[in-house]
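Hi everyone, thanks for making time for this.

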Amino acid sequence: MTSKLSAVKGMNDILPPESARWEWFESQVRELMRAYGYRNVRTPIVEPTALFVRGIGEVTDIVEKEMYSFTDSLNGEELTLRPENTAAIVRAAVEHNLLYDGGKRLWYTGPMFRHERPQRGRYRQFHQVGAEALGFAGPDVDAELILMARRLWTMLGLRGLRLEINCLGQPSERASHRDKLIEYFESHAEQLDEDARRRLHSNPLRILDTKNPTMQDLVQGAPRLLDELGEESRAHFEGLQELLRAAGQDFVINPRLVRGLDYYNLSVFEWVSDQLGAQGTVCAGGRYDGLIAQIGGKPAPACGWALGIERVLDLLAQSERQPQAPAADAYVVLAHAPALPRALQVAEALRAAGLSVLMHAGGGSMKSQMKKADASGARHALIFGEAEWLAGEVGVKSLREGGEQQQRSVALEPPGALLDCLR
């Protein structure tokens with residue numbers, strides 16, 4: 001007997017009725033992006049490994065431990081399933097010279113891949129929506145992106161998300177802060193865990209993001225990057241705060257917010273929920289002004305965010321708002337086999353007029369077909385029996401509350417009579 005194959009652990013099937021929630025969410029995202037003038041971009045799932053090593057940073061959890069990388073056996077290329085999409089969007093913008101005539105507002109959605117232990121909110125194949133504004137330097141775009149996410153929470157009916165922000169300054173400011181961090185943590189070396197010791201000289205900023213409870217007091221006392229900011233960085237950060245206050249958006253300045261990718265500078269932010277356990281970050285992003293040049297393009301500023309679709313849908317599942325799959329307008333019950341050609345013609349005509357029609361398949365008694373019609377969620381049953389077939393009619397029965405429960409016959413000519421009945 002052939003053994004049964006299953007999906008890779010942490011890479012999940014999305015099936016009806018759950019897929020209806022995804023479709024509804026995606027429709028909300030498309031409307032959001034249209035409202036802000038962001039245009040869709042679709043990049044390959046597989047990219048050169050060097051793109052992520054160069055863009056994300058060699059000494060990061062993603063590059064060191066989480067990437068699905070392989071050598072293409074046909075030509076020896078080093079390739080990686082994308083673990084995030086900002087670097088890929090920038091690569092596409094540079095490759096196709098998208099910024100030749102000015103800044104671009106772009107968005108994407110799709111699967112990402114990270115090799116980690118699957119748990120709630122963290123999967124090996126997960127899905128993101130992202131918005132990227134390339135070629136815009138001021139804090140106004142940072143604020144726009146943050147407020148765009150806020151509008152999405154309103155559209156989805158989600159509450160309780162809080163905004164945390166920080167400023168990472170510029171490379172020279174981070175270098176000064178880095179030296180002070182190393183000096184501080186070296187003086188407390190006995191309190192560092194293995195991960196912190198490994199990062200001490202390669203990426204000490206990431207130690208501030210540790211989840212180890214025994215190191216929290218140590219991290220709280222570490223030198224603050226905010227204290228190293230120069231005049232321009234401080235002005236940018238204060239400008240962002242002023243715009244958020246003007247928009248009525250509350251926020252918390254979190255000096256330990258550093259993000260897990262090396263390309264960020266200046267503003268960084270996270271939308272956080274307390275309803276998702278340890279994985280509370282729902283949407284995160286910030287400014288990455290150096291990445292375009294780092295990928296090989298002409299230097300240009302950029303800012304963006306990404307949100308985890310699974311995490312947003314998890315929050316939706318806990319809320320009062322439960323989007324359902326749209327019900328069909330009609331379910332065709334075929335009680336007389338010779339009526340099948342006419343039933344198909346009627347169903348096609350109704351679909352052409354914009355209605356949704358489910359066609360019964362597989363035979364069965366009138367009673368069993370009516371049960372399936374009711375279970376389908378359709379608003380009406382269209383019954384093609386022998387009497388209706390001979391009379392050039394169709395039986396119409398409402399299946400939902402508030403409709404006419406008694407079956408009535410409707411002539412198929414003129415065609416608009418049935419359409420008016422169903423609408």
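Let me begin with a definition: buried means under 20% relative accessible area, exposed means over 50%, and partly exposed is anything in between. Please also keep in mind that this is a predicted model.

With those cut-offs, let's look at Asn97. At 49% relative accessibility, Asn97 counts as partly exposed. You'll find Asn97 in the loop between helix H4 (86-95) and strand S5 (104-113). The backbone here deserves a look, too: Asn97 is not a glycine, yet has a positive phi of about 55 degrees. As background, most residues other than glycine have a negative phi, and most peptide bonds are trans.

Leu266 is another residue of this kind, with a positive phi near 50 degrees and no glycine to account for the value. Leu266 sits in strand S9, residues 265-272. Is Leu266 buried or exposed? Its relative accessibility is 4%, so Leu266 counts as buried.

Now the peptide bonds. The one from Pro16 to Pro17 is cis, with omega near 5 degrees, and Pro17 belongs to the segment before helix H1. The bond from Glu413 to Pro414 is cis as well, with omega near 0 degrees. Pro414 is in the loop between strand S16 (408-411) and helix H15 (416-422).

On to the helices. Two packed helices are described by the angle between their axes and the distance between the axes.

Let's take H1, residues 18-36, and H5. Their axes come within 10 Å and cross at roughly 140 degrees, and the two helices are therefore oblique to each other. H1 passes H5 in a right-handed crossing. On the H1 side, the residues in contact include Trp24, Phe25, Leu32 and Tyr36; among their partners in H5 are Leu147, Met148, Arg151 and Leu152. The residues of this contact between H1 and H5 divide into eleven nonpolar, one polar and three charged.

H1 also packs with helix H11, residues 309-318, at an angle of about 110 degrees and with the axes 11 Å apart. H1 and H11 are therefore roughly perpendicular to each other. Glu18, Arg21, Trp22, Trp24 and Phe25 of H1 make this contact with H11 residues that include Ile309, Val312, Leu313 and Leu316.

Which residues of H9 does H5 meet? They are His236, Gly239, Leu240, Leu243 and Leu244. Seven nonpolar, two polar and two charged residues make up the contact of H5 with H9.

Last stop: helix H13, residues 366-375, where the buried residues are Gln369, Met370 and Ala373. They cover an arc of only 100 degrees around the axis, so they lie on the same side of H13. What do these buried residues pack against? Three strands: S12 (330-334), S14 (380-384) and S15 (393-398). The face turned away carries the exposed residues Lys367, Lys371 and Ala375. Just after H13, Gly377 takes a positive phi of about 90 degrees.

Note on methods: Residues are numbered from 1 along each chain as its sequence is written. This is a predicted model: local features need pLDDT of at least 70, side-chain atom pairs count only at pLDDT 80 or more; totals for chains, interfaces and linings use all residues. Side-chain values use heavy atoms; hydrogens and water are left out. Contact means heavy atoms within 4.5 Å. Helices (H or I, at least four residues) and strands (E, at least two) are DSSP runs, numbered from the N terminus. Ala, Val, Leu, Ile, Met, Phe, Trp, Tyr, Cys and Pro count as nonpolar, Asp, Glu, Lys and Arg as charged, and the others, Gly among them, as polar. Buried means under 20% relative accessible area, exposed over 50%, partly exposed in between (1.4 Å probe, protein chains only). The arc is that of the directions from the helix axis to the C-beta atoms. Axes are lines fitted to C-alpha atoms, for helices over the stretch in contact, and angles run from 0 to 180 degrees between N-to-C directions. Angles under 35 degrees count as roughly parallel, over 145 as roughly antiparallel, 65 to 115 as roughly perpendicular and the rest as oblique. A crossing is left-handed if the near helix is turned anticlockwise from the far one by less than a right angle, and right-handed if clockwise.
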